[in-house]
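Work through the following exercises with the model open beside the page, and try each task before reading its solution.

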Amino acid sequence: MQNRIQAFVRRLQKEDVNMHGFILTVDGQEKAKAYYAPFREGQPHRMYSVSKTITALAIGMLLDAGKLRLDDPICDYFQDYVPESPSPWLAALTIRDMLRMATCYRWTQYREGVDENWAKSFFTGTPTHAPGSVFYYDTGCSQVLAALVKRLSGQEVIDYLEDRLFKPLGCRDERYWLRDPSGCCQGGTGLCMSLRDLHRVAVCLLNGGEGVVPAWFAREMAEKHIETLNQANEEEQYGYCWQCWRTRAGWVMYGMGGQLAIVCPDKKTVLSTIADTRLDPFGVQRIYNAFFEEVYPFIGQEDMEPTVLTLKAHTVPDRKEYGLAETGVYRFPEGNQLQLASLQLKGDCLYYENARGQVVLPFGRGENREIDYPGWPGVPALSCGGWVEKDLLRVRCYAVGNSPCGFDMLVRFQGNTVTVQSRKSYDPMTNSYEGVATGTID
């Protein structure tokens, strides 16, 4: 098994997967643990849609306490948000449908950066189809469930779960939950917690709730409740549960960018991961495939002592024989795709002006350098660079705070001309990093 863990790590490295950490537990025993420096044990990490599953646990506790029922219409609990003459499709939508993302909408109704109350936006949208019929991934329904927890308990979901979930499981690391503009926890995306506390919750659910989560809910939430055959990604086609997903060998709490808690009941196994794969549309699937092909088939065939791996976060390769020491200042025409005004290279640092103003981007050659995200003082980031050819520089920069995101930039120097090509993962911080632009020295 130790060899299989090494094969898992090597495969993810070879496939350029930007891992931050993982923990593997088999039959109650931690077998392997790794943090990719500078990420460290106990550090809170944005969990994105793992938040949905944690929100669902609060709903399960309220169901168990008789505060609501699965077949109650969701509108019954939000009469102050419901239009005077609601659509029959909205009126028919139940708690059960909300949990399994079988709403009456094709997409999330709230608009981040526009709407004040994200839950209220759910009830003012225009339904597109009958509820309970088909699956559409809808983070808005998770936001409504978080608001429902607050309405029924008088507490935000993170506070409701503090004495009912986190403390009983020994979750002592720092955690917090990002809020919408109205102050409600972002039920579908905002939870920030440590990898090891995520892993504790997953092991608890594998073990039937351990008397902390109602056993019936721990069992039912992991069953397939609706088909997802139209999903593009392979691992998302096994069906949706209650705010979590089925996989080829169990189920998973799944957050964007590689926040995963993969639960395999048949082998009493949990693999939890943190990562930022958002620059790679297949990155999450690469994690699944590496685990299910390199590790899962061999679980139980041999024993191993607990292994702690010391690794480093993702970098780009660098050919040390290449590189320019310094260039002049390149100027760019107005209206270019990257909104660049100027750019200059000085050693291992790019100086440029874009929509954020004057920006400085230092990078480590073949290694990560901890910096402030360019143009966003105080936002932590990792920056690495490498010369691919004698005149071609590649720089990757990842924000690693509350909103992990990043960009991958190629800079081609050709005498008096420079061409910059960049791609990004979606976030307001990555604006101006998608496209191509050419500049010249005056």
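The exercises below concern a predicted model, and each task is followed by a solution in steps.

**Exercise 1. Work out the strand order of the seven-strand open sheet, and find which strands stand at its edges.**

Begin with strand 1 (residues 19-26), which is joined to strand 9 (residues 269-275) by seven bridges, the two strands running antiparallel. As a landmark on this pairing, Ile23 stands opposite Ser272 in strand 9.

Next, follow strand 1 to strand 2 (residues 29-37), to which six bridges join it, again in the antiparallel sense. Val26 has Gln29 in strand 2 as its bridge partner, and the two strands form a hairpin with two residues between them, where Asp27 in the turn has a positive phi of about 50 degrees.

Then pass from strand 2 to strand 10, which pair in the parallel sense over six bridges; here Tyr36 stands opposite Leu311 in strand 10.

Putting the whole sheet together gives the order 6-7-8-9-1-2-10, with mixed pairing. Strand 6 (245-247) and strand 10 (307-312) each have a single partner strand and stand at the edges, so one side of each is left without a neighbour in the sheet. From one strand to the next, the twist averages 15 degrees.

**Exercise 2. Decide whether strand 1 is largely enclosed or open, and name the helices that lie across it.**

Take burial as the starting point, with a residue counted as buried when its relative accessible area is under 20%. Eight of the eight residues of strand 1 are buried, so this strand is largely enclosed by the rest of the structure.

Now look for the helices. Helix 1 (residues 2-14) lies across strand 1, strand 2, strand 9 and strand 10, and runs at about 15 degrees to strand 10. Helix 10 (residues 283-294) lies across strand 1 as well as strand 6, strand 7 (250-255), strand 8 (259-264) and strand 9, running at about 30 degrees to strand 8.

Finally, inspect the loop between helix 1 and strand 1, where Asp16 is placed. Asp16 has a positive phi of about 65 degrees although it is not a glycine, and at 33% relative accessibility it counts as partly exposed.

**Exercise 3. Describe how helix 2 and helix 7 meet, giving the angle and the kinds of residue in contact.**

Two packed helices are described by the angle between their axes and the distance between the axes. For helix 2 (residues 50-64) and helix 7 (residues 157-166), the axes come within 10 Å and cross at roughly 75 degrees. That makes helix 2 roughly perpendicular to helix 7, since angles of 65 to 115 degrees are counted in that class.

The next step is to list the residues: Ile54, Thr55, Leu57, Ala58, Met61 and Leu62 from helix 2 meet Val157, Tyr160, Leu161, Arg164, Leu165 and Phe166 from helix 7. Sorted by kind, the residues of this contact comprise 10 nonpolar, one polar and one charged.

**Exercise 4. Trace the three-strand open sheet, and locate the cis peptide bond in the model.**

Start at the cis peptide bond, which joins Ala37 and Pro38 with an omega of about 15 degrees. Pro38 lies in the loop between strand 2 and strand 3, and this leads on to the sheet in question.

The three strands have the order 3-5-4 and pair antiparallel. Strand 3 (45-46) and strand 4 (176-177) are at the edges with a single partner strand each, so one side of each is left without a neighbour in the sheet. Strand 3 is joined to strand 5 (residues 191-193) by two bridges, and His45 stands opposite Met193 in strand 5.

**Exercise 5. Compare the span of helix 8 with its expected value, and judge how enclosed the helix is.**

First consider the span: helix 8 (residues 195-206) has 12 residues and reaches 16 Å from its first C-alpha to its last, close to the 16 Å expected at 1.5 Å a residue.

Then consider burial, where nine of the 12 residues of helix 8 are buried, so the helix is largely enclosed by the rest of the structure. Among them are Leu195, Asp197, His199 and Cys204. To finish, look just after helix 8, where Gly208 takes a positive phi of about 80 degrees.

Key. Residues numbered from 1 in each chain as written. Predicted model: local features only at pLDDT ≥ 70, side-chain atom pairs only at ≥ 80, totals over all residues. Heavy atoms only, no water. Axes fitted to C-alpha atoms, helices over the stretch in contact; angles between N-to-C directions. Helix = DSSP H or I, 4+ residues; strand = E, 2+ residues; numbered from the N terminus. Parallel < 35°, antiparallel > 145°, perpendicular 65-115°, else oblique. Contact = heavy atoms within 4.5 Å. Nonpolar A, V, L, I, M, F, W, Y, C, P; charged D, E, K, R; others polar. Expected span 1.5 Å × (residues − 1). Buried < 20%, exposed > 50% of the residue type's maximum accessible area, 1.4 Å probe, protein only. Pairing = 2+ DSSP bridges.
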